[in-house]
Amino acid sequence: MANTKYVFVTGGVSSSLGKGIIAASLAKLLQARGYRVTIQKFDPYINVDPGTLNPYEHGECYVTDDGAETDLDLGHYERFLNVPTSQANNVTTGRIYQSVIEKERRGEFLGKTVQVVPHITNEIKERIQILGKTGDYDIIITEIGGTVGDIESLPYIESVRQLKWELGDTNALVIHLTLVPYLSAAGELKTKPTQHSVKTLMESGIKADVLVCRTEHELSQELRRKLALFCNVKPEAVIQSIDANSIYAVPNLMLEEGLDKVVLKQLVLRDDDAPNLEKWNGFLNRLENATSKVTIGLIGKYVELQDSYKSILEAFIHAGVENDVKVTIESIHSEYIDDATIKEKIAHLDGILVAPGFGERGIEGKIKAVQFARENNLPFFGICLGMQMAVIEYTRNVLGLKDACSVEVDENTKVPVINLMEEQKDITELGGTMRLGAWDCQLVENTIASNAYNNSLISERHRHRYEYNNAYKDQLEKAGLKTTGINPKTGLVEIIEISTHPWFVGVQYHPEYKSTVANPHPLFVSFIKAVKKYSQQK
């Protein structure tokens, strides 16, 4: 019998049903019962990773400690489980084919014709089991991206079929997430899409062991029996996933439905200990019963798609709970900020966060937002590009160097306060070549950052090519823009602050990636505390 058990999560009927949230919720329940659990995401697109994808295409690109650019669902996994993920937790078709082709070039297949079956499927199965072979986990949940029936998903579905057969029914199971739509004209829920989705899965040789049904309305017992009968699953394995007010409520909904019990029973694992969700429910209770409210402007370039800034939005929820405050986010497109609109867009807010991004679009709007926050003592938080905009704004409007800019925006600028990193200058390939992953940062004592972290040395995740130009550091420091965090090895400026401002901090790294339910990020907590104070004084 295998030591590690495997759970596969597939999706049908429609995309964006929340496979990642269901996987993370199940993992949370299993973890709360004492099992060692991790989750991995297999994406069927041919990109090697999401690093070169536009945020409008695929939402944010999440970065792990080991420098992997990954799917945003890995952020959900970390936020729910409070366990770091790695390169091994996210695999794409591009990476699979790249690996197989490299093996073929090295002659590892001994002259065989390389085919989808067995070569691609073997590679997928190997990747699925990498984490299982470490001995660190009792259960591994694998989310298969896309929707059953998609051409690009077929090799993954075939790999799951083979692996389930090889491991046996007590060591692997398949959860199929589907949609049960409500037709308002008929006034009823319809099961036919789910039946067709399960049929498509069975045509690929996989029988779903558990059905999780996304729905806007309660599933009756009669409808559940119908689904069980037509989809060939046990009645207790038809799980309702009704819309929730918060993703953090989903583990409790899955507990009520008995999802964890059904999974443990099939995997022949003990299910006698009730999950210990005391801390989780404490967080949820505080989230639902916050006693005050604040409104923060998220100044960005991709605000039309909420998933573009998913980790930032979740970090605000965590920090809000820590400060007993409900955080409302106003998304503001930086392209539409100018002298005529800035007061109307920003003056009513309790704080602003200028978000990360790439390219020149919307840059001047971000700079104007920073200036407004600086001049009006409005709490300001700049992340990555947001920090760089703060440096440019200060150089232009306080130092008086009006030509100050980033080389990313104007490669011929006479005042390149933000410059291309030295090691980036000869790079021609864009994918996976930025400064990525966890890097150390030494903090200056008695600053906003050091007080927030309550530490002198921290480690944070990065994703950038351009950096603060140290040639202007002395000038800026004398003028009041303090450097309060530096990478001890490279001298890279990581944090800037204005000490005379109530809360003005810019960071080159991405603190949002490390905020979890169990450990809200200290900088976000400090920022929301300042925002709350500003709101009360206002």
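Reader: How many bridges join E2 to E5?

Author: Three bridges join strand E2 to strand E5, and the two run parallel; two strands count as paired if DSSP finds at least two bridges between them. The names come from DSSP runs numbered from the N terminus, where a helix (H or I) has at least four residues and a strand (E) at least two. One example from this pair is Phe 42, which stands opposite Val 91 in E5.

Reader: Before I go on, what kind of model is this, and how are its residues numbered?

Author: This is a predicted model, in which local features need pLDDT of at least 70 and side-chain atom pairs count only at pLDDT 80 or more, while totals for chains, interfaces and linings use all residues. Residues are numbered from 1 along each chain as its sequence is written, and side-chain values use heavy atoms, with hydrogens and water left out.

Reader: Back to the strands, then: in what order do they sit in the sheet?

Author: The open sheet has seven strands in the order E5-E2-E6-E1-E7-E10-E11, with parallel pairing. Its edge strands are E5 (90-92) and E11 (238-242), each of which pairs on one side only. From one strand to the next the twist averages 20°, where axes are lines fitted to C-alpha atoms (for helices over the stretch in contact) and angles run from 0 to 180 degrees between N-to-C directions.

Reader: Which strand does E1 join, and by how many bridges?

Author: Strand E1 (residues 5-11) is joined by six bridges to strand E7 (residues 172-179), and these two run parallel. Within that pairing, Phe 8 has Val 174 in E7 as its bridge partner.

Reader: And what joins E2 to E6?

Author: Six bridges join them, again with the strands running parallel, and Thr 38 stands opposite Ile 140 in E6.

Reader: Why is E2 described as largely enclosed?

Author: Strand E2 is largely enclosed by the rest of the structure because seven of its seven residues are buried, where buried means under 20% relative accessible area, exposed means over 50% and partly exposed is in between (1.4 Å probe, protein chains only). In a regular strand the side chains alternate between the two faces of the sheet. Both faces of E2 are covered, with Val 37, Ile 39, Lys 41 and Asp 43 buried on one side and Thr 38, Gln 40 and Phe 42 buried on the other.

Reader: Which strands does helix H1 lie across?

Author: Helix H1 (residues 19-32) lies across E1, E2 (37-43), E6 (139-144), E7, E10 (210-215) and E11, and runs at about 175° to E6. Helix H5 (residues 116-129) also packs on the sheet, where it touches E1, E2, E5 and E6 and has a direction about 155° from that of E2.

Reader: I clicked on Leu 30; is that residue buried or exposed?

Author: Leu 30, which lies in helix H1, is buried, with a relative accessible area of 0%. Leaving aside neighbours within four places in sequence, Leu 30 is in contact (heavy atoms within 4.5 Å) with Tyr 35, Val 37, Ile 139, Ile 141, Asp 260 and Leu 264. Leu 30 and Val 263 are 233 residues apart in sequence, yet 9.4 Å apart in space, C-alpha to C-alpha.

Reader: What covers the buried residues of H9?

Author: The cover includes H1, helix H3 (73-81), E11, helix H10 (259-266) and helix H11 (278-288). The buried residues in H9 (residues 250-257) include Val 250, Pro 251, Asn 252 and Met 254. After H9 comes Gly 258, with a positive phi near 80°.

Reader: Which residues other than glycine have a positive phi?

Author: Among them is Asp 324, with a phi of about 55°, found in the loop between helix H12 (310-322) and strand E13 (325-333) and partly exposed at 29% relative accessibility. Asn 377 also has a positive phi of about 55°; this residue is in the loop between helix H14 (363-375) and strand E15 (380-383).

Reader: Changing topic, where is the cis peptide bond?

Author: The cis peptide bond joins Val 117 and Pro 118, with omega about 15°, and Pro 118 has its place in helix H5.
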